[in-house]
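Work through the exercises below with the sequence and the model open side by side. Each task is followed by a solution in steps.

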Amino acid sequence: MPDPLPPHVAALIARRFPDSTEELVVGGVPVGELAERFGTPLFAYDGGILSDAVRSVRDTLPAGWELFYSMKANPAAAFLRFFLGRGCGIEVASAGELRQALDAGCEANEIIFAGPGKTDAELRLAAEAGVGELHLESVGEARRLARIAAGSPLRTRLAVRVNPDAAVQGGAMRMGGRPSPFGVDEERFEDAVDESEAAGLQVDGLHLFTGTQILDADVLLAQYRHGFALARRLADRTGRPVGTVDLGGGWGVPYFPNETPLDLLALADGLSELEADRGADPRLAEARVVLEPGRFLAAEAGVYLTRVTDVKSSRGKTFAVLDGGMHHHLAASGNLGQTIKRNYPLAVVNRLREAADAPAELVGPLCTPLDMLGRAAAVPAPRVGDLVGVFQSGAYARTASPLGFLSHAAPPELWVEAGAARLIRRRGTPADLRDDQIDAPDEPPAAGSTDDAEHDPAV
Ligand SMILES: *Cc1c(COP(=O)(O)O)cnc(C)c1O
């Protein structure tokens with residue numbers, strides 16, 4: 001029987017969900033059962049796939065390189081504990097993420113604090129908690145940190161993040177080689193190191209992260225080579241060997257028909273060459289080398305599951321209206337910064353063996369035409385009650401979505417592994433939508449009201 005699914009969706013299912021026949025099976029449980037038991041919409045994460053992802057990164061990295069999980073991809077505590085249990089550290093980019101990492105049991109020295117716009121309160125929190133490493137994003141940030149530390153020695157190692165020149169580029173979303181709020185420009189990186197040290201800090205690390213969703217091993221290798229070159233420059237400037245080289249995240253996963261998985265064997269080959277060069281250079285030989293992927297570790301494990309509520313036709317097009325949409329999964333709706341809106345890999349997951357009918361528009365329940373998960377999707381003619389699964393939904397999905405828009409309940413999250421499903425985040429409730437509000441006064445606040453003074457500036 002010819003496979004009725006689009007080839008890239010069929011390939012993804014064969015690679016990650018091989019037990020599926022008529023119906024998608026996640027972590028040993030058919031999705032119909034998950035929907036029945038927990039209701040829709042929901043996110044289901046396959047624990048076995050997460051294990052595979054960690055293993056394949058470790059098998060690709062040279063021995064001794066350290067793996068950090070970039071938690072903005074998916075901050076669920078179950079994810080944090082899972083990656084901690086696999087010997088990973090956690091990369092955070094806000095006080096809120098830092099607190100969640102600590103709450104999940106991460107040792108402070110296993111945390112890297114990155115990201116632009118760290119407030120004084122966040123810098124103080126990072127210094128007091130003794131996070132393992134902090135990435136300086138600007139000279140201004142370095143000066144503020146020096147003031148906050150006020151001469152007392154920091155337990156936190158400092159690395160400077162470099163925004164490289166145009167030579168090393170790649171990735172669907174580029175963050176280097178042009179004016180950027182991230183890091184200090186390569187052209188004046190030595191000055192930034194000098195100015196940070198003049199302020200009383202010691203810069204021992206180099207951080208380079210220039211793009212996400214990179215599927216070309218050569219592009220990653222070129223960036224890493226550049227990262228080591230910058231680290232040598234750091235050592236030459238400070239006169240000390242480098243403490244850390246952090247090469248960022250950026251490993252991609254295939255979403256669209258023309259995309260294929262990252263070639264991990266090619267990457268491993270190139271990395272072992274880089275590692276040999278590094279080991280031979282006294283400026284770098286003692287450095288720890290860190291990678292901090294988010295997407296690659298988390299994306300493939302996740303499926304967003306939503307049910308067809310209504311099917312209608314309008315001027316010749318078929319619309320399936322789903323109970324989930326962009327408020328839960330902004331990226332899949334194409335509204336998270338994409339210039340070309342292309343469908344995430346998706347399928348009618350209770351009817352995997354049925355041939356596609358006329359293209360259907362798979363839309364969410366929000367009152368905006370932006371709320372569309374499938375444009376002209378190649379699916380069997382949809383029926384009310386069908387389940388639509390959106391793949392590659394473990395990273396930058398729920399957490400990167402406008403959950404409050406239209407006040408639908410926030411979707412629950414399930415951990416599914418070895419035939420057992422466990423709720424790791426409950427569905428939102430009406431109380432969640434209401435309880436952070438202060439009763440609206442009948443009258444506007446009087447002049448001299450103390451409301452502003454009650455604003456809690458704590459992070
Ligand atoms: C977002 C981010 C990452 C993770 O990026 P991926 O492309 O998901 O691997 C790593 N490091 C920093 C500093 C980030 O901001």
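Helices (H or I, at least four residues) and strands (E, at least two) are DSSP runs, numbered from the N terminus. The model is predicted.

**Exercise 1. Locate Pro41 and describe the peptide bond that joins Thr40 and Pro41.**

Solution. 
Step 1. Read omega for the bond between Thr40 and Pro41, which is about -10 degrees.
Step 2. Name the bond: Thr40 and Pro41 are joined by a cis peptide bond.

**Exercise 2. Describe the backbone and the exposure of Gln213 and Ser407.**

Solution. 
Step 1. Start with phi. For Gln213 the angle is near 55 degrees, a positive value in a residue other than glycine. Phi of Ser407 is likewise near 55 degrees and positive, again in a residue other than glycine.
Step 2. Find the surroundings in the chain. Gln213 belongs to the loop between strand E12 (211-212) and helix H9 (217-238). Ser407 belongs to the loop between strand E20 (387-390) and strand E21 (413-417).
Step 3. Apply the cut-offs: under 20% relative accessible area is buried, over 50% is exposed, and partly exposed is in between. Gln213 has 10% relative accessibility, so it is buried. Ser407 has a relative accessible area of 47%, so it is partly exposed.

**Exercise 3. Which residues are closest to the ligand, and how much of the ligand's accessible area does the protein cover?**

Solution. 
Step 1. List the shell. The ligand is surrounded by 14 residues, and the closest are Lys72, Thr212, Gly250, Glu292 and Tyr396.
Step 2. Sort the shell by type: four residues are nonpolar, six are polar and four are charged.
Step 3. Look at the pairs that involve an oxygen atom of the ligand. Lys72 places a polar side-chain atom 2.8 Å from a ligand oxygen atom. For Thr212, a polar side-chain atom is 2.4 Å from an oxygen atom of the ligand. Arg295 takes part through its backbone, with an N or O atom 2.8 Å from a ligand oxygen atom.
Step 4. Read the cover: on its own the ligand has 390 Å² of accessible area, and the protein covers 93% of this.

**Exercise 4. Is Asn74 buried or exposed, and what does its side chain reach?**

Solution. 
Step 1. Locate the residue: Asn74 is in the loop between strand E4 (66-70) and helix H4 (77-85).
Step 2. Check accessibility. The value for Asn74 is 4%, so the residue is buried.
Step 3. List the contacts. Leaving out residues up to four places away in sequence, Asn74 touches Tyr45, Tyr69, Phe79, Gly394, Thr399 and Glu413.

**Exercise 5. Describe the setting of Thr244.**

Solution. 
Step 1. Assign the element: Thr244 is part of strand E13 (residues 244-246).
Step 2. Check accessibility. Thr244 has 0% relative accessibility and is therefore buried.
Step 3. Find the polar contact, which pairs the side chains of Thr244 and Arg157 at 3.2 Å.
Step 4. Apart from residues within four places in sequence, the contacts of Thr244 include Glu133, Asp204, Leu206, Ala287 and Val290.

**Exercise 6. What is the exposure of Pro282, and what is that of Asp52?**

Solution. 
Step 1. Take Pro282, in the loop between helix H10 (264-279) and strand E14 (288-291). Its relative accessible area is 67%, so Pro282 is exposed.
Step 2. Take Asp52, in helix H3 (residues 47-60). Its relative accessibility is 31%, so Asp52 is partly exposed.
Step 3. Note the polar contact between the side chains of Asp52 and Arg55, at 2.9 Å.

**Exercise 7. How is the protein divided into domains, and how many residues of domain 1 are in contact with domain 2?**

Solution. 
Step 1. Write down the bounds: domain 1 is 7-46 + 300-429, and domain 2 is 75-293.
Step 2. Take the separation of the centres, which is 34 Å over C-alpha atoms.
Step 3. Read the contacts: 15 residues of domain 1 meet twelve residues of domain 2.

Technical notes
Residues numbered from 1 in each chain as written. Predicted model: local features only at pLDDT ≥ 70, side-chain atom pairs only at ≥ 80, totals over all residues. Heavy atoms only, no water. Near = heavy atom within 4 Å. Polar contact = N/O pair within 3.5 Å; in protein donor to acceptor, adjacent residues only side chain to side chain. Areas by Shrake-Rupley, 256 points an atom, 1.4 Å probe, with all protein chains shown as cover. Nonpolar A, V, L, I, M, F, W, Y, C, P; charged D, E, K, R; others polar. Buried < 20%, exposed > 50% of the residue type's maximum accessible area, 1.4 Å probe, protein only. Contact = heavy atoms within 4.5 Å. Domains from an automatic or database assignment.
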